[in-house]
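Dear colleague,

I am passing on the structure we talked about, and below it you will find my notes on what turned up when I went through it. Please read them with the structure open beside you.

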Amino acid sequence: MRKHRTCDMIVAGIVWLLAASGGQAGAISILNPSFESPAMTSASGTYLTPTSWSKGGECGMWFLGQAGGPGINMTSVPDGNQALWSNGGYFYQVLDTSLQANTLYTMTIHAGKRSDVGFGSSASIRLGYGSVYGTNVLTAVAVRCPTPLSRAWTNWSVKFVTGTNPAGLGQPLRVDLNMGGSQPLFDNVQLTADPVTNTGTLMIDNPSFEEPVSTSVNMRPSIGWTWAVGIDGGVANTNMGSIYSAIRDGSQALWGNNSGLYQIIAATLCPNMVYTLTARVCARTDQGFGTTASVKLGYGSSYGSNLLTQATTDCAIPALGTSSIWKIVFVSGATPAGLDEPLRVDINLSGVQPYFDSVALTAEPVSNEGNLLIINGSFESPTPLANADNAYGLRATPALWTKTGAESGMFALGMTVGTGDHVASVPDGSQGIWANGGAFYQTIPATLQANMRYTLTAYAGARDDLGFKTAVYGPVTINLGYGNTYGVNYLTPVSTNFPTPGYGQWKLWTAKYVTGSSPVGLEQPLRVELNTAAVQPLFDHVQLLAERIAPGTAIVLR
């Protein structure tokens, strides 16, 4: 029997896998990490190559107290007495450890700046595989590489994450020190490996934009985040005036005018997961909020690309001087595009100075038991529906559902045309669906299991002017099936209860199904269908309950 792999199963065995394949959980050995060999003297010069390293371009070593250059300009070395310098050169070392799957690598180094020479703005630290410098480089996530102060050192940290079958699996790791620019200084490089965390609360670096401390509203949040588009934006704090009083987490928040930024995080896209992305959005006391601003989840390293489809959204626009919490849910299927790629959070700062703060992301496996996840089961997304816009209103397709009939769509309470003007209430929320024939269906993120009782429910409704027609073009039913194709592979219900709603009323419909020990369609994705082959039947609040039963148990219908 085929089982769907989850990232948790892979992570559970990562330590064993690392040991079995020659990897190492924890610290990874880098030879001569502080560049203390060869031991330098006053006669050594400054173009030496550190032992166990290779170099290219104009670069070398120096020691504290050495006549000329950084040796007399700097007052300390983080570890030992020697360090590296460069004018656009580079160093690299091929390690004895091989690249492993499902691993979070963290590389750290001390970066230093002379007082008499600028710091290389293009300097970076990278992790790759193979023996050729600059090739096969892993995507960096959670980058923290602030520019050091004059005659001082600062700690850099960059993370790299691999999926279940990364390119270069089993190849030797390689550390690249790219020292582009004007004499950046490096010392004490370290590398660790840990099992990647793909469930629970995922790490977002600098989620509240508290680093660095802002001294100007145009100062960029360089820690953790990468500015992608636009030039107008940065970090504001409460010390800059009362207009920023809506900031709630710390003293700083992100703002922008038609700009955007992103962060690649230390987790990979997994199958059958529910991702919940939240952020606090704030409005200045003197301006409105950009209604086109957004926060999105994608994969890969390019801002705005490979975005996951939103399952549900709750993104209320804050009033002047207030804030609100945005919540967006994304669901990955059994074989999502981008599987094992690093996840990426995009913040789109379009409009007039929207503010963002407190960004968070959680990931939980989809369950095959209990209340199964039907995405947008009450048809509240998209919202709001336009009163008379057939392209987005009356004939809109609910998010994450597919509809088969042209004469079908959504309605909202209070709409001045169509169904919204002919119902007084909706069972859950304020929106529902209507149809003149056709169907709505959704393949949900759960699979057909053996020895289960499935209970499918939905509210069926009738307009106050049309009533409910049980069959015109065909039967009006709710169905449970498997696979992605509409109209086939239905489960046979053991009982149904489809009462007819009166004019302007709603009734709860129920269909029950039971699977045996080896059902046809085992492990196939479940599919929910609402067949609306009549004159404007209404549906809302679709739910599916899965309860495990013991083999051979007598079925009691309830």
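Glutamine 93 stands opposite valine 175 in S10, in a model that, please bear in mind, is predicted. The pairing behind that contact is between strand S5 (residues 90-98) and strand S10 (residues 172-178), which run in the antiparallel sense over 6 bridges. Both belong to an open sheet of 4 strands, ordered S2-S5-S10-S7, in which the pairing is antiparallel. At its edges lie strand S2 (54-56) and strand S7 (124-129), each of which pairs on one side only, and from one strand to the next the twist averages 25 degrees.

A further open sheet of 4 strands has the order S13-S16-S21-S18, and there, too, the pairing is antiparallel. Strand S13 (226-229) and strand S18 (294-299) are the edge strands, each pairing on one side only, while neighbouring strands of this sheet are turned by 30 degrees against each other on average, with direction ignored. Within the sheet, strand S16 (residues 259-268) and strand S21 (residues 342-349) pair in the antiparallel sense over 7 bridges, and leucine 261 is found opposite isoleucine 347 in S21.

Sorted by class, the lining of the largest pocket comprises 16 nonpolar and 10 polar residues, with no charged residues.

Is alanine 67 buried or exposed? Its relative accessibility is 71%, and because the cut-off for exposed is over 50%, alanine 67 counts as exposed. Although alanine 67 and serine 42 are 25 residues apart in sequence, the distance between them in space, C-alpha to C-alpha, is 7.4 Å.

With best regards

Notes: Residues are numbered from 1 along each chain as its sequence is written. This is a predicted model: local features need pLDDT of at least 70, side-chain atom pairs count only at pLDDT 80 or more; totals for chains, interfaces and linings use all residues. Side-chain values use heavy atoms; hydrogens and water are left out. Buried means under 20% relative accessible area, exposed over 50%, partly exposed in between (1.4 Å probe, protein chains only). Two strands pair if DSSP finds at least two bridges between them. Helices (H or I, at least four residues) and strands (E, at least two) are DSSP runs, numbered from the N terminus. Axes are lines fitted to C-alpha atoms, for helices over the stretch in contact, and angles run from 0 to 180 degrees between N-to-C directions. Ala, Val, Leu, Ile, Met, Phe, Trp, Tyr, Cys and Pro count as nonpolar, Asp, Glu, Lys and Arg as charged, and the others, Gly among them, as polar.
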